[in-house]
Amino acid sequence: MQLEAKVREEIFEAIQSFQTIIIHRHQRPDPDAIGSQLGLKSFIKELYPEKNVLAAGTMSEGLTWMGQMDSVELADYQNALAIVLDTANQPRIDGEWYQEASKLIKIDHHLIVDSYGDWQWVDESASSCAEVLCQMIFDQFPQLNLTKEVAELFYAGIVGDTGRFQFSNTRSETFEVVSRLMHYGIDLAAINQRFNELTKEELDFMAFVMGRIVLHPAGVASVLLNQSDFTDFGVKEEASNQITHIPGRIKGVLSWVIFIQQAGHNGNYRARIRSKGPSINEVAMHFDGGGHAMASGAKVADLADRQALIQELIQTNRDYLAQSN
Ligand code: AMP
């Protein structure tokens with residue numbers, strides 16, 4: 001998508017003109033969602049200390065080291081600007097009432113599945129929403145220095161979504177942005193350590209997951225996790241963030257899915273789908289989901305659905321292998 005400077009300017013004019021700005025992002029936040037949200041909040045507060053800037057949504061327990069959410073009331077949305085970050089479609093927006101705001105801005109890096117908001121700034125080729133925000137800020141305010149806090153939040157977002165610069169969404173612009181962030185004194189090693197560290201329970205859970213990997217034809221792997229697996233190890237569903245990449249480490253595996261049973265929805269599973277080559281977001285879309293070419297999410301109801309999703313991954317891999325030969 002061609003991004004126009006005019007739209008960027010209008011977005012920053014809107015930020016300048018509203019006294020209350022409420023920043024949303026997607027449910028089940030990951031480091032990019034939180035880093036983008038809290039990084040933008042701190043950035044706006046630095047620029048306009050008199051403004052009321054609020055971060056909306058439910059915090060993820062494992063990410064409290066990045067900061068906290070604000071308590072947001074319906075009344076806050078009166079004459080307010082809402083900004084939704086890192087969220088491709090409206091049902092995934094965390095927090096109510098964003099539609100009550102006077103104006104709405106969408107800033108994202110996912111493939112466009114839902115065009116919403118008065119202004120949209122979507123760079124589908126960016127590694128992360130944090131990278132998109134950094135580029136917007138650097139282009140709009142070339143002389144401005146970021147605080148260390150803002151730079152660290154954006155850096156954490158980029159690290160999260162690129163898997164520490166290992167995923168194929170990492171591009172030269174990612175390093176240009178990070179290079180600039182490093183000028184603001186970020187503590188790279190400390191942030192990377194945050195991503196690396198596991199509790200003993202999480203490590204034991206990881207070992208358990210390794211034993212649960214099932215290999216299917218055409219380089220597909222799957223893992224099925226029930227709620228009891230999480231409770232048995234005393235870990236939260238968030239612990240699945242630490243294991244999503246593991247099946248892909250197996251030589252020959254091209255794409256994989258982790259099915260996670262949802263609490264209170266007996267038989268309902270969240271599917272976390274990943275790839276090392278074939279685009280899997282279309283498969284996700286067939287199962288009430290979406291996302292990126294190499295990392296998507298979906299929802300499946302039962303065993304038949306799970307098998308159907310695996311079957312679609314097998315076919316996608318076969319097509320991919322046939323084209324590459
Ligand atoms: P996850 O496995 O939850 O980390 O999701 C991987 C990617 O897929 C993220 O970029 C999500 O935004 C996207 N995604 C996950 N679940 C869904 C869904 N139900 N609908 C649309 N996109 C999703």
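**Exercise 1.** Does Cys129 count as buried or exposed, judged by its relative accessibility?

*Solution.* In this predicted model, the relative accessibility of Cys129 is 0%. Since buried means under 20% relative accessible area, Cys129 counts as buried.

**Exercise 2.** Find how many disulfides the structure holds, and explain the result for Cys129.

*Solution.* Begin with the total, which is 0 disulfides. Next, look for the cysteine sulfur closest to that of Cys129: it belongs to Cys134 and lies 9.8 Å away. A disulfide requires two cysteine sulfur atoms within 2.5 Å, so this distance is too far for a bond. Cys134, in turn, is in no disulfide, and at 1% relative accessibility Cys134 also counts as buried.

**Exercise 3.** Describe how helix α3 packs against helix α4, and sort the residues of their contact.

*Solution.* First identify the helices: α3 covers residues 129–140 and α4 covers residues 148–162. Their axes are 8 Å apart and form an angle of about 135 degrees; α3 and α4 are therefore oblique to each other. The contact is made on the α3 side by Ala130, Glu131, Leu133, Cys134 and Ile137, and on the α4 side by Phe154, Gly157 and Ile158. Sorted by type, the residues of this contact are 6 nonpolar, 1 polar and 1 charged.

**Exercise 4.** Which residues have the most contacts inside the largest nonpolar core, and which residues does Leu181 touch?

*Solution.* The largest nonpolar core has 52 residues, and Ile44, Ile83, Ile107 and Leu181 have the most contacts inside it. Leaving aside residues up to four places away in sequence, Leu181 touches Cys134, Phe138, Leu146, Ala151, Phe154, Tyr155, Ile158 and Ile186.

Methods. Residues are numbered from 1 along each chain as its sequence is written. This is a predicted model: local features need pLDDT of at least 70, side-chain atom pairs count only at pLDDT 80 or more; totals for chains, interfaces and linings use all residues. Side-chain values use heavy atoms; hydrogens and water are left out. A nonpolar core is a set of buried Ala, Val, Leu, Ile, Met, Phe, Trp, Tyr and Cys residues joined through side-chain atoms within 4.5 Å. Buried means under 20% relative accessible area, exposed over 50%, partly exposed in between (1.4 Å probe, protein chains only). Contact means heavy atoms within 4.5 Å. Axes are lines fitted to C-alpha atoms, for helices over the stretch in contact, and angles run from 0 to 180 degrees between N-to-C directions. Helices (H or I, at least four residues) and strands (E, at least two) are DSSP runs, numbered from the N terminus. Angles under 35 degrees count as roughly parallel, over 145 as roughly antiparallel, 65 to 115 as roughly perpendicular and the rest as oblique. Ala, Val, Leu, Ile, Met, Phe, Trp, Tyr, Cys and Pro count as nonpolar, Asp, Glu, Lys and Arg as charged, and the others, Gly among them, as polar.
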